[in-house]
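Please open the structure in your viewer and keep the selection tool at hand. The tour below goes from one selection to the next and says what is found at each stop.

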Amino acid sequence: MTFKAVAAPPRWLAYVFLALSMVLVGSYVALSKPLVTALPVFLLAWLRFGIGALAMPHWLIKPASEPVMGRNTRLLIFLESFLGNFLFTICMLFGVSMTTAVSAGVILAGIPAMVALLSWVFLRERITRRVALAIALAALGIGLFSLSKSELLAHIGQGSEADLSSKTSWLGNLLIFGAVVCEAAYAVIGKKLTGSVSPKRITALINLWGFALMTPLGLYAAWSFDFASVPTPMWLLLVFYALAASVWTVWLWMTGLKTVPAAQAGVFTVMLPISAAAVGVLVLGESLSGFQVLAFALCLAGVVLATLPSRSGGPGS
């Protein structure tokens with residue numbers, strides 16, 4: 001049987017999918033703040049993967065047009081989940097608890113550049129001048145937005161927390177950098193996988209691996225937890241969070257990667273802080289300063305620059 005590749009979406013639609021994926025991530029990150037206070041972190045992550053597994057068992061079935069996965073593909077599926085789901089979550093959670101929110105945000109601004117670097121090293125993707133400038137604008141915008149949230153320093157730097165932060169900030173920053181590498185690896189490995197595995201099957205498989213990896217920690221957190229203490233609205237929010245994080249965002253991202261080079265797709269990560277801030281302003285009643293608006297303008301300029309067609313009709317040359 002000959003292998004017939006799953007049709008890639010047209011470039012404009014792939015851009016929409018990538019942007020929607022990151023907008024969803026930013027939205028559920030902002031809306032999940034109450035979930036973190038209602039559920040232990042590892043229990044929350046475990047339930048997220050469990051709900052995701054229940055939502056897409058039919059996506060695990062191999063389409064007739066797909067070849068049988070080889071050893072390397074199975075390894076990439078595991079690494080995609082281990083790095084992009086499991087290890088990223090641990091590095092991020094413990095990293096932000098050991099350093100300031102501003103430091104974490106500035107380090108996370110390096111995600112587009114790290115995606116470009118890894119895609120050049122492992123995928124041999126050529127980084128054009130326009131995409132390089134777009135990456136720089138994206139990183140600058142995210143960094144400025146993080147620096148503008150200086151009011152968080154007053155909250156973090158009080159009492160014994162200030163002393164703890166000064167002693168552990170180097171480790172926290174290192175863990176945040178580890179999260180950046182994990183996120184970049186997620187984008188690069190995803191690009192590699194979309195060449196032979198359908199986006200739906202990738203989504204279901206890496207979620208199943210995430211559930212397996214998180215099960216020991218989730219069971220430990222669930223052992224003494226009082227589930228009756230969680231109000232019904234929180235359970236409804238959990239379902240949205242699980243579907244958005246484990247199903248919709250992953251499928252949208254993997255589908256977009258079938259068309260767009262990984263380095264160029266990395267620029268779309270700027271939509272995460274923009275959508276998170278928008279939800280904070282429109283839903284949670286937070287304010288947005290003029291400096292933050294300028295930072296977001298730089299981010300969006302990077303996206304526009306990366307997606308404009310070249311004179312020859314190609315992407316961002």
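Begin by selecting Arg201, which counts as buried because its relative accessibility is 10%, where buried means under 20% relative accessible area, exposed over 50%, and partly exposed in between, with a 1.4 Å probe and protein chains only. This is a predicted model, in which local features need pLDDT of at least 70 and side-chain atom pairs count only at pLDDT 80 or more, while totals for chains, interfaces and linings use all residues. Residues are numbered from 1 along each chain as its sequence is written, and side-chain values use heavy atoms, with hydrogens and water left out.

Arg201 lies in helix α10, residues 199–223, helices being DSSP runs of H or I with at least four residues, numbered from the N terminus. Leaving aside neighbours within four places in sequence, Arg201 is in contact (heavy atoms within 4.5 Å) with Trp59, Leu60, Ile61, Lys62, Pro63, Glu66 and Met69.

Next, select Leu35, Leu39, Leu43 and Trp253, which touch the most other members of the largest nonpolar core, a set of 83 residues; such a core joins buried Ala, Val, Leu, Ile, Met, Phe, Trp, Tyr and Cys residues through side-chain atoms within 4.5 Å. Helix α9, residues 159–193, gives the most to this core, with 11 residues. A second, separate core has 5 residues, among them Trp59, Ala204, Leu243 and Val247.

Finally, move to Val283, in the loop between α13 (271–282) and α14 (290–307), which is exposed because its relative accessible area is 56%.

Key:
Helix = DSSP H or I, 4+ residues; strand = E, 2+ residues; numbered from the N terminus.
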